[in-house]
Amino acid sequence: MTDAPKTPLLDTVQRPADLKQFSDAQLRQIADEVRAETVSAVSVTGGHLGAGLGVVELTVALHAVFDTPRDKLIWDVGHQCYPHKILTERRDRIRTLRMKGGLSGFTKRSESPYDPFGAAHSSTSISAALGFAVARDLGGTPPEGAGDAIAVIGDGSLSAGMAYEALNNAGHLGKRLIVILNDNEMSIAPPVGAMSSYLSRLYAQNPFQDLKAAAKGAVSLLPEPFREGAKRAKEMLKGMAVGGTLFEELGFSYLGPIDGHDMDQLLPVLRTVKDRARGPILIHVLTKKGKGYAPAETARDKGHATAKFDVLTGAQKKSPSNAPSYTKVFAEHLLKLAKDDDKICAVTAAMPDGTGLNLFAERYPSRCFDVGIAEQHGVTFSAALAAGGMKPFCAMYSTFLQRGYDQVVHDVAIQRLPVRFAIDRAGLVGADGATHAGAFDVAYLANLPGFVVMAAADEAELAHMVATAAAHDDGPIAFRFPRGEGTGVEMPERGEPLEIGKGRMITKGKGVAILSFGTRLSEVEKAAENLNAKGIMPTIADARFAKPLDRDLILTLARDHDALITIEEGAVGGFGSHVAQLLAEEGVFDTGLKYRSMVLPDTFIDQSSPADMYAVAGMNAEQIEAKVLDVLGIASLGEARA
């Protein structure tokens, strides 16, 4: 079903300012229409459905009460921003979400003035909103004007330390700032940690605004001499029965919890806060992820991320799998090793399903740890597990591991602790775009003394690298692998540890050698087939290791060929740069070797399919073939045949 829903009131809304003409009852209808439009759009594009459905009423209410884009509305992470985009002059493009040339799946400054601050990683919104508030008070003049700063942050994002750093600073500065805690008991996975338990206790009580109203009414009935004591009792009641104590101790006025799907609560509270707030205030809003669409509400992840789907049934339209996913291969082979080694444990940062560790958690719950959205803590926690005699596998997406880099350096590398980093989503990932691309991990890990850095060329190689990491106790080790399916190679029953720092020859040719690091190997082999038809027989090797480099393999390739090309799914400064350093130090360039390094370009590549993104990067078989012809000085097919 792809027919657009009937949305008579929403059809009259071109921009948020249009919402101010409607009654509260009409705003409730608009919220219903926005929800229907969101479901319809995501059924066509795929994407993050559940988070947006949970904040439909909140989105409508915020835009109806505040004056965006003058008032800065900042969505933490951005998973929930689709309803916001529908209301902010982008409805006509909403069915291009996450597509090439279309709308980003997250907030993006270059896309709209209604997105004052881009996101895609969690827990940044309070820091950003505080920055806008301070800039406003210092006389900053952004193009749309300087008004209120409103951060909307989920309870899952409050598991990250950065959120508390911002709360602490905001409470100290005392600036007018509005933080809305969108408490849906759910980030990507079920919530973990003491903060989740604290919030649970808060919303187990009666909503605060009801208590406050009751207390206020009761006090007004008392004789004057008793009123002061009653007011003190009311404050005690607020602290004991409702308990916004943590936030108030940090310097925030606390209001809540309120029902985030009840416009009769949302609108008056937001209007009062807009009119009367002086310093920082936190509004605790209870919502349900996936609200209003039954298939999302009943899904385990509440419709966090979906493929295209049928609106009536919720059935997702996923392509049949031809090979196991890299993530599944990692998870299954880690399980096999953990069965025989009770020192193996696993750590993830709020991504048990995404990293495949949900399988590990089911089998070995006492050895699997979801630390919440807290990569820094997760890395240091893993380091201490290693120091304590365990064999931790720290499984994080490449783009998220960046957030724990200081800990990788100071707590892991300097101490030479054998933490095993399983780096998922290496390379370009498709619809999530630049914010989720795993472009930098080789560069930021391979420059650390004592680190071993591997990349799997296919799913069988990944199985061997899991085994290699498990067997490696002499310092930290990392292996990277992409999102998606493997190449369909024959799989070993169990992975076998590789010799550290040794690559492998794939095919021997002459003239030019291609040294691949990672899963571009399959594209290299396609390019070689086309080159063979033109009479060019390149040598192909799989490096396996960016650190330590296989010196013998690299120097042999350089000695026996006129040209050497490296290729990797990462930014400049990674594998190819280390190879160039080796060749330079060994004086190889002095004898005339032609050397080229194929890396991701020095730009952030917008969302598209992975194949399109690699075409933009110039790293598909066609571009590899062209690079070989160029380095050999062959401008045309005719020259190759001459």
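Which strand is leucine 286 found in?

Modeller: Leucine 286 is found in strand 5, residues 280–286 (helices, H or I with at least four residues, and strands, E with at least two, are DSSP runs numbered from the N terminus). Before going on, a word on provenance: the model is predicted, so local features need pLDDT of at least 70 and side-chain atom pairs count only at pLDDT 80 or more, while totals for chains, interfaces and linings use all residues. Numbering starts from 1 along each chain as its sequence is written, and side-chain values use heavy atoms, with hydrogens and water left out.

Back to leucine 286: its relative accessible area is 24%, so it counts as partly exposed (buried is under 20%, exposed over 50%, partly exposed in between, with a 1.4 Å probe and protein chains only). Its C-alpha sits 9.8 Å from that of aspartate 262, although 24 residues separate leucine 286 and aspartate 262 in sequence.

Helix 3 brings Glu57, Leu58, Val60, Ala61, Leu62 and Val65 to the contact, and helix 11 brings Met263, Leu266, Leu267, Leu270, Arg271 and Lys274 (contact is heavy atoms within 4.5 Å). By class, that contact has nine nonpolar residues, three charged and no polar ones (Ala, Val, Leu, Ile, Met, Phe, Trp, Tyr, Cys and Pro are nonpolar, Asp, Glu, Lys and Arg charged, the others, Gly among them, polar).

Leu62 from that contact turns up again in the largest nonpolar core, which has 52 residues. Together with Leu27, Ile30, Ile180 and Ile283, Leu62 touches the most other members of that core (a nonpolar core is a set of buried Ala, Val, Leu, Ile, Met, Phe, Trp, Tyr and Cys residues joined through side-chain atoms within 4.5 Å). Take isoleucine 30: leaving out residues up to four places away in sequence, it touches Leu9, Leu10, Val13, Leu19, Phe22 and Val60. There's also a second, separate core of 48 residues, with Ala374, Ile423, Tyr444 and Leu553 among its members.

The threonine 68 to proline 69 peptide bond is cis, with omega near 5°, and proline 69 sits in the loop between helix 3 and strand 1 (72–75). Glycine 256 and proline 257 are also joined by a cis peptide bond, with omega about -5°, but proline 257 lies within strand 4, residues 253–259.

Serine 123 has phi near 75° and lies in the loop between helix 4 (82–90) and helix 5 (125–137); at a relative accessible area of 1%, serine 123 is buried. Arginine 544 has phi near 65° and is placed in the loop between strand 14 (539–542) and strand 15 (545–547). Arginine 544 is buried as well, at 14% relative accessibility.

Glycine 438 is another loop residue, between strand 9 (420–424) and helix 18 (441–446). Glycine 438 is buried, with a relative accessible area of 0%. Skipping neighbours within four places in sequence, its contacts are Ser398, Arg425, Ala426, Gly427, Arg480 and Glu569. Arginine 480 is 42 residues from glycine 438 along the chain, yet their C-alpha atoms are 9.2 Å apart.

Further along, helix 20 (residues 521–533) packs with helix 24 (residues 621–631), at an angle of about 55° with the axes 8 Å apart. Helix 20 supplies Glu523, Val524, Lys526, Ala527, Asn530 and Leu531, while helix 24 supplies Ala621, Ile624, Glu625, Val628 and Leu629.

Zooming out, the protein chain has 25 helices and 17 strands, and 55% of its 642 residues are buried. Of the contacts between residues at least 6 apart in sequence, 78% join residues at least 24 apart.

Key:
Axes are lines fitted to C-alpha atoms, for helices over the stretch in contact, and angles run from 0 to 180 degrees between N-to-C directions.
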